[in-house]
Amino acid sequence: MLVAGFPTGVFAANCYVVATGAGQECVVVDPGQDAAGAVDEVVREHRLRPVAVLLTHGHLDHMWSVLPVCGSYDATCWIHPADRPLLADPMRGLPPEWAGALLGGGLTFAEPDDVRELTDGARVDVAGLSFTVDHTPGHTSGSVAFRTPVEGDVRGAGAPTWTGQASAAPELMFGGDLLFAGSIGRTDLPGGDHPTMLRTLADKVLPLDDRVVVLPGHGDQTTIGRERQTNPYLRGLVPGPARSG
């Protein structure tokens with residue numbers, strides 16, 4: 001299993017390229033600002049073929065390059081329907097002052113040719129990988145996390161990637177702006193809601209195995225167990241039913 005991760009754009013949003021191994025089809029998670037060139041480098045180095053782009057949510061810093069990446073490789077874009085309108089109109093998810101600064105150059109956005117919608121609990125089977133979709137509203141109304149089983153050894157390429165032992169983790173979770181090392185995603189942007197975020201953390205995060213490795217939308221990797229013990233935003237929350245892949 002190959003997982004390549006790298007920060008993109010002015011907000012350093014993490015983009016990930018995931019494949020069963022070199023020379024295979026792959027998935028791109030959250031291609032943010034200026035991600036297309038970095039994705040191409042990973043693809044060429046490891047002889048990969050992107051067939052899908054998975055978006056954890058519709059904020060511009062996570063999907064800026066979705067159109068060029070999907071267009072270059074004829075890849076399918078997957079997004080939750082609540083955030084789908086942001087593909088063509090990302091200003092809807094930004095404060096007005098941010099929108100002017102980021103999009104002042106007259107940039108235009110549009111949906112890729114092939115867009116498919118995600119639902120809670122669904123499985124996306126693509127590129128020889130299986131992703132379980134968890135709808136995780138709070139940061140945006142259409143935020144999702146993608147969990148995939150760890151298969152064999154995991155080879156990291158770039159940072160921030162998983163550096164632990166393959167046998168130690170049952171799953172990898174691409175969490176977007178749900179959960180960070182020591183923090184959580186902000187809830188004060190359009191579409192955000194703090195009480196909803198707390199319910200999501202209680203129902204979708206706390207029931208997970210402590211060994212699950214979180215590859216977040218910003219910053220360094222972490223684990224569910226580490227955040228359960230140290231993250232101040234998780235203290236006092238009552239977990240929902242146990243979840244499995």
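Two strands count as paired if DSSP finds at least two bridges between them. Helices (H or I, at least four residues) and strands (E, at least two) are DSSP runs, numbered from the N terminus. With that in place, V126 stands opposite L129 in β8.

Before going on, the source. This is a predicted model, so to speak of local features I need pLDDT of at least 70, and side-chain atom pairs count only at pLDDT 80 or more, while totals for chains, interfaces and linings use all residues. Residues are numbered from 1 along each chain as its sequence is written, and side-chain values use heavy atoms, with hydrogens and water left out.

Let me start with the sheet. The order is β7-β8-β9-β11-β14-β15, an open sheet of 6 strands with mixed pairing. At the edges stand β7 (123-126) and β15 (222-223); each has a single partner strand, so one side of each is left without a neighbour in the sheet. As a reminder, strands of a sheet pair through backbone hydrogen bonds, either parallel or antiparallel.

Going along from β7: this strand runs antiparallel to β8, and 4 bridges join the two. They form a hairpin with 2 residues between the strands, where A127 takes a positive phi near 55 degrees. On its other pairing, β8 is joined to β9 (residues 144-149) by 4 bridges, again antiparallel. There, T132 has R147 in β9 as its bridge partner. Further along, β11 (residues 171-176) and β14 (residues 213-216) run parallel and are joined by 4 bridges. In that pair, G176 has P216 in β14 as its bridge partner.

How many residues of β8 (residues 129-135) are buried? Buried means under 20% relative accessible area, exposed over 50%, and partly exposed in between, with a 1.4 Å probe and protein chains only. The count for β8 is 7 of the 7, so the strand is largely enclosed by the rest of the structure. In a regular strand the side chains alternate between the two faces of the sheet. In β8, both faces are covered: L129, F131, V133 and H135 are buried on one side, and S130, T132 and D134 on the other.

Next, the loop between β3 and α1. D30 lies in this loop and has a positive phi of about 55 degrees although it is not a glycine. D30 counts as buried, because its relative accessibility is 2%. Q33 is in the loop between β3 (25-29) and α1 (35-46) too. Its relative accessibility is 15%, so Q33 also counts as buried. Contact here means heavy atoms within 4.5 Å. Leaving aside neighbours within four places in sequence, Q33 is in contact with T8, G9, V10, D61, W64 and S65.

At the other end of α1 is R47, in the loop between α1 and β4 (49-54). R47 is another residue other than glycine with a positive phi, near 55 degrees. R47 counts as exposed, because its relative accessibility is 57%.

Now α1 itself, against α3 (residues 66-73). Their axes come within 9 Å and cross at roughly 35 degrees. An axis is a line fitted to C-alpha atoms, for helices over the stretch in contact, and angles run from 0 to 180 degrees between N-to-C directions. A36, V39, D40 and V43 in α1 meet P68, V69 and Y73 in α3. Those residues divide into 6 nonpolar, no polar and 1 charged.

On cysteines: a search of the whole structure finds 0 disulfides, a disulfide being a pair of cysteine sulfur atoms within 2.5 Å. C70 is in none, and the nearest cysteine sulfur, that of C77, is 5.0 Å away. C70 is buried, with a relative accessible area of 4%. C77 counts as buried because its relative accessibility is 0%.

Last, E117, in β6 (residues 115-117). Is E117 buried or partly exposed? At 41% relative accessibility, E117 counts as partly exposed. E117 and I79 are 38 residues apart in sequence but 5.2 Å apart in space, C-alpha to C-alpha. Leaving aside neighbours within four places in sequence, E117 is in contact with W78, I79, P81 and R84. With R84 there is a polar contact between side chains, at 3.1 Å. A polar contact is a pair of N or O atoms within 3.5 Å; within protein, one must be able to donate a hydrogen and the other to accept it, and residues adjacent in sequence count only if both atoms are side-chain atoms.

Notes. Nonpolar A, V, L, I, M, F, W, Y, C, P; charged D, E, K, R; others polar.
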